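Me: I've got a structure open and I'd like to know what the labels on it really mean. Take me through it one question at a time.

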Amino acid sequence: MPPIPDGPLEDGKTENDLESAKFTKDKETVDVVQPTAKLIGLTKEQLEQYRNDPFWKAIRYALFIAFWLVWLAMFVGAILIVIMSPKCVDVEWQNKMTVYKIFSLAYKDVDNKLDLNAGFGDFDGIKEKLGEIKQMGISVIWPTPVLNYDKNKLSPEAIIDLEISTELGGQESFKELIKSAHTKDLKVLVDLPLTVASGNGNWVKQKEIKNGLLTPTGDATLLNLKNPEIQEPLLALARNFAKLGVDALNLADYGLLGRNSEDLINFANKINLDPELKNIHIYSEAEGIQNNGKINLIRPLFGTGEKKGFNSLLTKLNENIDSIDLKSKNNENNTNGNAEQIIWNIGNINAKGYRIDQLLTDISLPDQRRQISHLFSLVELFIPGSVSVLYGEELAALSGKTGNKNPNQIVYPWDNSSTYTKENQFFAVPQIVKNGDYESQIKDEHSPLKVFSKLAKLRQQSDFALGQLIHNSLATNLDLYLINRYPSGSSGHYSLIINWSGNGNSISLKELFNKINSKKFTILASTDKNFGEETQKLFDGGDEMAEQKIVFPAFSALILKSD
């Protein structure tokens with residue numbers, strides 16, 4: 001074949017006419033194979049013929065209909081997936097609170113005078129520790145007192161006037177505390193005191209308001225809420241709190257009101273009707289208050305402390321868990337705040353308050369009282385809805401020595417220095433236990449602080465705030481205790497298992513599978529490192545380990561998540 005000349009192709013030919021080409025060995029010529037036939041498509045006439053053919057017409061219509069049926073099925077399927085998928089529950093903050101109640105005078109002093117046994121805590125000290133508080137899993141801070149108080153009484157109920165405390169830093173410092181808290185996504189709840197310090201130094205006596213006070217009780221006297229001259233200053237104080245950014249108010253009777261609550265309810269209605277206070281949430285610890293949609297309740301898991309002893313507390317806890325179980329079923333689908341709202345707590349810092357260890361009168365060893373206190377806190381955090389924890393509860397801190405100071409009002413042990421082991425001239429010092437301070441516990445993954453924090457952070461999930469709670473005993477008594485939480489809209493569930501006994505308790509893996517209704521678990525937290533690691537190995541073994549026994553150490557707990 002002759003070589004292809006350089007330059008354009010001959011007239012009437014294109015590059016496509018050269019079907020294939022290859023170089024010869026001398027690379028100077030190219031062999032070209034000429035096409036033997038031209039490839040062409042169907043003509044217009046042939047296409048028209050097939051278009052009108054009944055067979056191909058039926059095929060086209062069938063494919064057209066099939067396409068749209070498949071598309072419609074996919075569209076409907078997508079809608080059904082959206083409808084039937086677990087809902088992303090959005091629960092308002094006030095329905096899933098973990099409130100942290102702080103005794104302002106004994107928590108933290110920014111100038112370290114409290115540490116040096118020469119002064120009191122202040123707003124700036126609390127603000128300095130907001131990062132640590134947030135890291136604990138707290139969502140609401142509750143500093144008390146925040147108003148000027150009687151320096152001879154040093155109690156939240158002994159209020160002398162309705163001004164922000166200058167000893168604690170004054171109004172600007174309090175405003176900065178609120179602003180910093182909101183920056184860290186923390187809400188602020190404060191007391192609206194319904195009491196004043198007894199004697200002639202309080203604001204009611206100074207203003208010479210007639211019939212402004214009721215019968216004195218100890219260090220404090222209840223205000224007469226029927227009196228308009230009492231109501232108006234309190235409403236003005238509530239408005240000032242709202243302007244400063246406070247999110248919620250506790251109508252604080254400090255346990256003095258008893259069951260005579262009609263006046264308090266009427267006053268709460270005035271707050272709710274005030275246009276400047278429409279965004280403020282109202283709470284009360286008063287015994288006689290019933291939920292009416294206007295006042296949210298704060299209730300102790302163990303009553304007012306009238307029952308003492310470990311077994312009595314366990315029995316009372318079990319009774320309250322029964323009622324919480326029923327309410328969780330009734331309120332499971334309610335996220336808008338219309339359901340009955342209760343904040344549960346297990347301690348208080350007023351004169352009538354207590355820490356859990358003060359009720360464990362039959363437990364003599366401080367370490368055991370501390371362990372049991374920690375277990376009670378875990379149960380509190382595990383229940384649905386909102387809870388309020390007392391500062392130091394996250395450390396399982398014990399109360400101070402009894403004496404002329406309130407043993408529940410302890411100096412917060414930030415470290416293990418001698419500052420927190422010697423007597424304080426103003427406040428109680430917590431009973432000393434090994435690694436009982438914040439600095440030691442933040443380094444230990446199995447410390448009360450770390451386990452508390454993991455569970456508190458879990459509570460911030462909206463689905464965990466709702467759903468059912470089911471509890472039962474894993475033994476013939478309450479020694480080995482199981483609480484299952486079935487969060488709303490979640491496929492898995494959570495379990496808290498507690499050994500309340502001072503001795504080891506065992507249960508077979510097979511029996512535990514049946515009680516928890518699952519065979520695959522992840523341990524989220526445990527109160528003992530070795531126990532948690534060994535138990536996870538058993539869980540990972542599945543059915544092969546079914547006959548193996550899990551041995552719970554004395555006063556221990558596991559928090560599990562089933563897959």
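Me: Which elements each supply at least two residues of the lining of the largest pocket?

Reply: β13 (296-300), α9 (310-330) and β14 (342-345) do. Those names are DSSP runs counted from the N terminus (helices are H or I over at least four residues, strands are E over at least two). Residues are numbered from 1 along each chain as its sequence is written, and side-chain values use heavy atoms, with hydrogens and water left out.

Me: Why is this called a pocket, and what is the volume of the largest pocket?

Reply: On a 1 Å grid over the protein atoms alone, a pocket is an open set of points with protein on both sides within 12 Å along at least five of seven lines, while a cavity is a set where a 1.4 Å probe fits but cannot get out. The largest pocket holds about 580 Å³, counted as the space filled by probe spheres on the points, which are joined across faces, edges and corners.

Me: What makes a residue part of its lining, and which ones lie nearest the centre?

Reply: A lining residue has an atom within 4 Å of a point. In the largest pocket 26 residues pass that test, with E285, E287, P300, G303 and T304 nearest its centre. The lining divides into eight nonpolar, eleven polar and seven charged residues.

Me: How do you know where the second largest pocket lies relative to the domains?

Reply: Domain 1 (93-464) and domain 2 (467-562) both give residues to its lining, so the second largest pocket lies between them. Those bounds come from an automatic or database domain assignment. The volume of the second largest pocket is about 470 Å³. It is lined by 21 residues, with R370, Q371, H446, P448 and T527 closest to its centre. Its largest share, five residues, comes from α11.

Me: What makes β11 and β12 a pair?

Reply: Pairing takes at least two DSSP bridges. β11 (residues 248-252) and β12 (residues 281-284) run parallel and are joined by four, so they qualify. N250 stands opposite Y283 in β12. β12 and β13 are also parallel, over two bridges, and S284 faces L297 in β13.

Me: Why is the bond from T144 to P145 worth a look, and what about D185?

Reply: Most residues other than glycine have a negative phi, and most peptide bonds are trans. The T144 to P145 bond is cis, with omega near -5 degrees. P145 sits in the loop between β4 (140-144) and β5 (147-149). D185 isn't a glycine, but its phi is positive, about 60 degrees.

Me: Where is pLDDT under 50?

Reply: Residues 329-339 are one such stretch. Where pLDDT is low, the predicted coordinates should not be read in detail. The chain averages 83, and 85% of the residues score at least 70.

Technical notes
Predicted model: local features only at pLDDT ≥ 70, side-chain atom pairs only at ≥ 80, totals over all residues. Nonpolar A, V, L, I, M, F, W, Y, C, P; charged D, E, K, R; others polar. pLDDT = per-residue confidence, 0-100. Contact = heavy atoms within 4.5 Å.
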